[in-house]
Amino acid sequence: MGEQRQRFNEAFKQQTVKYIQEQTKTMPEIAQELNIPVKTLHQWKAKYRKFESEPIASAEKIRELERLLQEKEQQLQAKDQQLADVEEQLAIVKKAVHIFSKPRK
């Protein structure tokens with residue numbers, strides 16, 4: 001037979017969301033600690049979240065922002081490389097035009 005489904009009252013859900021907001025742990029860590037699925041915690045957080053009680057910079061937010069920053073830096077490096085390649089191609093074309101535009105004697 002399947003497992004019995006857990007039921008939680010509104011007060012417990014609100015207290016859990018407040019706990020989540022006060023922690024610097026990741027959602028999966030909190031989910032494991034409370035033995036509640038991560039998806040459920042995300043749903044509760046979306047429903048009961050109060051921004052005034054949320055810390056300015058949680059570890060989870062910092063990690064996410066660092067990951068996004070790394071992605072943007074990689075994209076910027078790729079664009080810089082593309083630009084350098086195009087500039088090199090343009091220099092070659094300019095030299096070729098200069099060479100072939102000289103009148104022959």
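Residues are numbered from 1 along each chain as its sequence is written, and side-chain values use heavy atoms, with hydrogens and water left out. In this predicted model, local features need pLDDT of at least 70 and side-chain atom pairs count only at pLDDT 80 or more, whereas totals for chains, interfaces and linings use all residues.

**Exercise 1. Overall make-up**

Determine how many helices and strands the protein has, and what share of the residues is buried.

Step 1. The protein holds four helices and zero strands, where helices (H or I, at least four residues) and strands (E, at least two) are DSSP runs numbered from the N terminus. The order of the elements from the N terminus on is α-α-α-α.

Step 2. Of the 105 residues in the protein, 16% are buried; buried means under 20% relative accessible area, exposed over 50%, and partly exposed in between, with a 1.4 Å probe and protein chains only.

Step 3. Among the contacts in the protein with a separation of 6 or more, 58% come from residues 24 or more positions apart, a contact being heavy atoms within 4.5 Å.

**Exercise 2. The buried side of H2**

Find which residues of helix H2 are buried, and what covers them.

Step 1. Helix H2 spans residues 27-34, and its buried residues are Met27, Ile30 and Ala31.

Step 2. Because these buried residues fall within an arc of 100° when seen down the axis of H2, they line one face of the helix; the arc is that of the directions from the helix axis to the C-beta atoms.

Step 3. The cover over the buried residues of H2 includes helix H1 (10-22), helix H3 (38-48) and helix H4 (59-100).

Step 4. Just after H2 comes Asn35 with a positive phi of about 60°, although Asn35 is not a glycine. Asn35 sits in the loop between H2 and H3, and its relative accessibility is 59%, so Asn35 counts as exposed.

**Exercise 3. Packing geometry**

Classify how H1 and H2, H1 and H3, and H2 and H3 are oriented to each other.

Step 1. Two packed helices are described by the angle between their axes and the distance between the axes. Axes are lines fitted to C-alpha atoms, for helices over the stretch in contact, and angles run from 0 to 180 degrees between N-to-C directions. Angles under 35 degrees count as roughly parallel, over 145 as roughly antiparallel, 65 to 115 as roughly perpendicular and the rest as oblique.

Step 2. H1 and H2 pack at an angle of about 135°, with axes 11 Å apart, and are therefore oblique to each other. The contact involves Thr16, Tyr19 and Ile20 of H1 together with Met27, Ile30, Glu33 and Leu34 of H2.

Step 3. For H1 and H3 the angle is about 95° and the axes are 9 Å apart, so these helices are roughly perpendicular to each other. Residues making this contact include Phe12, Val17 and Ile20 of H1 and Leu41, Trp44 and Lys45 of H3.

Step 4. For H2 and H3 the angle is about 110° with the axes 9 Å apart, and these helices are therefore roughly perpendicular to each other. Met27, Pro28, Ile30 and Ala31 of H2 make the contact with Val38, Leu41, His42 and Lys45 of H3.
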